[in-house]
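Good morning, and thank you for coming. Please look at the sequence and the structure, which I shall now put on the screen.

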Amino acid sequence: METTLFYIFATVTVLATMLAICARHPVHAIIHLVTSFFALAVIFYLLAAPLVAMFEVLIYAGAVMVLFMFVIMMLSLGGGDSDKRPGPRLWLPAGFLAGTVLASLLSLATMAPSPQTANVITAREFSQTLFGRYGIAVEIISLQLLFAVVGALYLGRPRQRGTAAGSGEEAP
Amino acid sequence: MIVPLAHVLLLAMLLFCLGLVCVLVWRRSVIMLLIGIEVMLNAAMLVCVAGSARTGGADGQVAALMVMAVTSAEVSLALALVVYLHRRRKTVDVDAFRELQD
């Protein structure tokens, strides 16, 4: 059962990634990529890593993709807006992917836990390994995040000669 | 493990190649290029988690978490760079940024 679910979600991941890299519109690419990351999170869950699956949804689908979306909208790279309803060319892949994910998740939620899932890595074990054996790595990563914040602040500062100082985007 | 390790590695390989294609094809937009890098890093995380599921320890999952943290740092910096370049040149075409000094 879980083996079948793995293959279903692997197919969904690959299909959604293909749709993402073929999308003409960056916003469509982001949406397809979020689908791909959700399916990948379920694969992580099936591979006995529920914590990593949660982080995948929280950080990747939640934070990183929204950051992408924010930048796309801030720079208005999305081309012209059309207020028409999306045609079947857009509905078909989205509906197919969503339907497959929904059906698989329902079967995953309702099935009885198999003995193979007994050896999942719990949050306690994970955090003992993370902060015990890899404490130095946590420190280095936090230092790197600090550097990234400083670099992003430096790059995003208003230009000296710019007219719209303080605002994130200047009107042309 | 619920599936053979080779199948998980095959999936990771496929994802990595898709990300690589995205990076190589989309030179018209820096955003799509960064998306390709995201896909490749996800494939690397999948390999880490698969190794962790194979050995039964939490080490691979810790590595996956580290990859995630590195990715979020990289993305924030890269998107700040994209905003900066767009302000400067009004484009996100990779080929437009050829000079070190403008």
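Let me begin with a definition: a residue is called buried under 20% relative accessible area, exposed over 50%, and partly exposed in between, with a 1.4 Å probe and protein chains only. The accessible areas come from the Shrake-Rupley method with a 1.4 Å probe, and for residues only the protein chains shown count as cover. With that definition, buried residues make up 33% of the 172 residues in chain A.

Two remarks on conventions are needed. What you see is a predicted model, in which local features need pLDDT of at least 70 and side-chain atom pairs count only at pLDDT 80 or more, whereas totals for chains, interfaces and linings use all residues. Residues are numbered from 1 along each chain as its sequence is written, chains are lettered from A and ligands numbered from 1 in the order in which they are written, and side-chain values use heavy atoms, with hydrogens and water left out.

I turn to chain A. Its secondary structure consists of 6 helices and 0 strands, where helices (H or I, at least four residues) and strands (E, at least two) are DSSP runs, numbered from the N terminus. The order of elements from the N terminus on is α-α-α-α-α-α. The accessible surface of this chain is about 10,400 Å², and carbon and sulfur atoms hold 69% of it. For contacts, the criterion is heavy atoms within 4.5 Å. Of the contacts in chain A between residues at least 6 apart in sequence, 70% join residues at least 24 apart.

A:His32 belongs to helix 2 of chain A and is buried, at a relative accessible area of 16%. Neighbours within four places in sequence aside, A:His32 contacts A:Ala16, A:Leu19, A:Ala20 and A:Leu97. The other residue is A:Ala48, in the loop between helix 2 (26-46) and helix 3 (50-74) of chain A. Although A:Ala48 is not a glycine, it has a positive phi of about 65°. A:Ala48 is also buried, with a relative accessible area of 15%.

Now to chain B. Here the secondary structure amounts to 3 helices and 0 strands, in the pattern α-α-α along the sequence. The radius of gyration of chain B is 17 Å, well over the 13 Å that the globule rule gives for 102 residues, so chain B is more spread out than a compact globule. That radius is taken over C-alpha atoms, and the globule rule is 2.2 Å times the number of residues to the power 0.38. The C-alpha trace of chain B spans about 55 × 25 × 15 Å along its principal axes. Of its 102 residues, 50% count as buried. Among contacts in chain B with a separation of 6 or more, 55% come from residues 24 or more positions apart.

How do the two chains meet? The size of an interface is often given as the accessible area lost when the parts come together. Buried area here is the accessible area (1.4 Å probe) that two parts lose on being put together, summed over both. Chain A and chain B bury about 5,200 Å² between them, and 78% of this is on carbon and sulfur atoms. The contact involves 62 residues from chain A and 54 residues from chain B.

How many salt bridges are there between chain A and chain B? The count is 1, a salt bridge being a side-chain nitrogen of Lys or Arg within 4 Å of a carboxyl oxygen of Asp or Glu. The partners are B:Asp59 and A:Arg133, at 2.9 Å from N to O. This pair crosses between chains, from helix 3 (residues 59-89) of chain B to helix 5 (residues 123-133) of chain A. B:Asp59 is partly exposed, with a relative accessible area of 30%, while A:Arg133 is exposed, at 57%.

Another residue in helix 3 of chain B is B:Thr71. Is B:Thr71 buried or exposed? B:Thr71 is buried, with a relative accessible area of 1%. Beyond its neighbours within four places in sequence, B:Thr71 is in contact with A:Tyr60, B:Glu38 and B:Leu41.

I close with the surface of chain B. B:Phe16, B:Leu20, B:Val21, B:Leu24 and B:Val25 make a nonpolar surface patch of about 460 Å². Patches are made of residues with over 30% relative accessible area and no salt bridge; like charges are joined within 9 Å, and nonpolar side chains (Val, Leu, Ile, Met, Phe, Trp, Tyr) within 5 Å.
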